[in-house]
Amino acid sequence: MSTSPSTSETGREQWSGQLGFLMAAIGSAVGLGNIWRFPGVAYSNGGGAFMVPYICALLLAGVPFLFLDYSLGHRFRGSAPAVFRRLARRFEWLGWYQVFICFVIQTYYAVILAWSLRYIFFSVNTAWGDDAGGFFNKFIGLSELSADGTPSLTYEPVHGVIIPLVIVWILALFIIARGVANGVEKANKFFLPLLVVMFAALVIRALFLPGAAQGLNALFTPDWSDLGQSRVWMAAFGQIFFSLSIGFGIMLTYASYLRKRSNLVGTGLVAAFANSSFELLAGIGVFATLGFMAHTQGVGVSDLDNIAGVSLSFVTFPTVVGQMPGGAIFGVLFFGSFFMAGLTSLISIIQVVAAGFSEKFAWSTPKATLITGIPSAIISFILFGSSSGMYNLDVVDAFINNIGVVSAAVIACVGVGLVLRRLKELQRHLNVVSETRVIGTWWRVMIAAVIPILLGVMFVQTAWSYARDGYGYSTSFEAVFGWGMLFLVAVATVVLTLVPWRFDVDDFTPLDLEDPRLTSEEVN
């Protein structure tokens, strides 16, 4: 019986080839965090010296955990819940925990994309004028904070955000509903090269701005004394982990669509270093631009505010665009790149959710996409597209990433490496199906010991800080949107774990690693 190049002999979807998978993996990793998070983290943690812990974190944590995600997804060939159940029935809940982390992330991630989509058009005539900050607050209808740090909660979507948010959701769900090869892969093959070209053009333009060298000096001048501070190293490990899209089901799910013989090690290295290269490119572009802004205002780069996060993208950059020659083109390039980087990441997040429900209930991909996507879109409008949406987004993002994602990663390392002791099997799987056999004992040590210790320290420090000192808002507000959101994720995880599967998920045999047919000729 012949099969389509996008499906396996068992009917499971597949990438058309390794290039399609690689493009999707890079597209997922290269997202909003590369553009608005990395430059600020690097600048505030030693500048050029930050590259030392950053590279260490990439090699000691990022790449090894990426291989763990790849090996789990490829060996057990399923969504996150199916993979962890096939690994051990009592670990199915971890897969659903990852699914619902992604469900929460996609609800607010889409709103940021809606903002960036609207700002592409705002850039054409620099609609924000001389007050980029006031314009942004008016655009999103930002409500006031009370004296105790409690936002004035509203749940009516802001009119200016509705249309771009509808477009974002329709586009993302349409891509997912078309399937892995015809939807996700084709979208990444289109958007990723376009992103690279547009962002490279933006960086080149930024480098020729007056004061660009001042900005680059601020970013890359090393402060070696910072290397002795633990916060710098923890910041590096945190940046790598969040940037590579590892630990919460994305790379695991993507790897499950690969053919039996696939170069997991080589592909993983390319994806990891491509992501870090884009982060470095983003740092250069952002700080060259900030150098121009500092030059225009007659101050040092260190005197500038808003050099990370939402404010960097929607206040600082528009301000620069309004001050520079040809700013409209620069603005379109920036927000166009920003939108495409975020879209490829949003697609990967939605895929985790849709795949989990599709397999659990034996739904088709379009059906699973709509059933999970429409409620997510509604939540997106109500919670994050309203006047208090940015406050809600800020708290939910902090808690779901710094506590939810990190805890999921720690549990995965401890569970697979120390409780189930399956790392030797996964190590052999990586070596057998890849072109190079370089995964050795060092990898098992990193997964079972080094990574859970480092991330465990990060988790304890963050959770204790949030519980003792709060995140920056009132206790009641954080209890609802921070701890409350984590509680809802936990409840949903328990409920979906208890729901029976609509097919025999346990009727599965992993790849026979002694099969002589696993030859290099089968590499696609």
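Trainee: Does Trp128 count as buried or exposed?

Mentor: Buried means under 20% relative accessible area, exposed over 50%, and partly exposed in between, with a 1.4 Å probe and protein chains only. Trp128 has a relative accessibility of 4%, so this residue counts as buried. Please note that this is a predicted model, in which local features need pLDDT of at least 70 and side-chain atom pairs count only at pLDDT 80 or more, while totals for chains, interfaces and linings use all residues. Residues are numbered from 1 along each chain as its sequence is written, and side-chain values use heavy atoms, with hydrogens and water left out.

Trainee: How many helices and strands does the protein chain have?

Mentor: Helices (H or I, at least four residues) and strands (E, at least two) are DSSP runs, numbered from the N terminus. In the protein chain there are 20 helices and zero strands.

Trainee: What radius of gyration does the protein chain have, and what would a compact globule have?

Mentor: The radius is taken over C-alpha atoms, and the globule rule is 2.2 Å times the number of residues to the power 0.38. For 524 residues, a compact globule would have a radius of gyration near 24 Å; the protein chain has 22 Å, which agrees. The C-alpha trace spans about 70 × 50 × 45 Å along its principal axes. Of the 524 residues, 61% are buried.

Trainee: What share of the contacts in the protein chain with a separation of 6 or more comes from residues 24 or more positions apart?

Mentor: Contact means heavy atoms within 4.5 Å. Residues 24 or more positions apart account for 83% of the contacts with a separation of 6 or more.

Trainee: How many aromatic pairs does a search of the whole structure find?

Mentor: Rings of Phe, Tyr and Trp (its six-membered ring) pair if their centres lie within 6.5 Å; planes under 30 degrees apart count as stacked, over 60 as edge-to-face and the rest as tilted. The search finds 44 aromatic pairs. One of them joins Trp93 and Tyr97, whose ring centres are 6.2 Å apart and whose planes stand at 40°, so the pair is tilted. Both residues lie in helix α6 (residues 92-124), four residues apart, about one turn of the helix. Trp93 is partly exposed, at 32% relative accessible area, whereas Tyr97 is buried at 12%.

Trainee: Which kind of aromatic pair do Tyr119 and Trp128 form?

Mentor: Tyr119 and Trp128 are stacked, with 5.7 Å centre to centre and 15° between the planes. Tyr119 has 0% relative accessibility and therefore counts as buried.

Trainee: Which backbone atom lies 2.8 Å from a polar atom of the side chain of Ser387?

Mentor: A polar contact is a pair of N or O atoms within 3.5 Å; within protein, one must be able to donate a hydrogen and the other to accept it, and residues adjacent in sequence count only if both atoms are side-chain atoms. Beyond residues up to four places away in sequence, Ser387 touches several residues, among them Ile140, Leu142 and Thr154.

Trainee: Where is Ser474 found?

Mentor: Ser474 is in the loop between α19 (441-469) and α20, and is buried, with 5% relative accessible area. A polar atom of the Ser474 side chain lies 3.3 Å from the backbone nitrogen of Phe477. Leaving aside residues up to four places away in sequence, Ser474 touches Asp148, Gly149 and Thr150.
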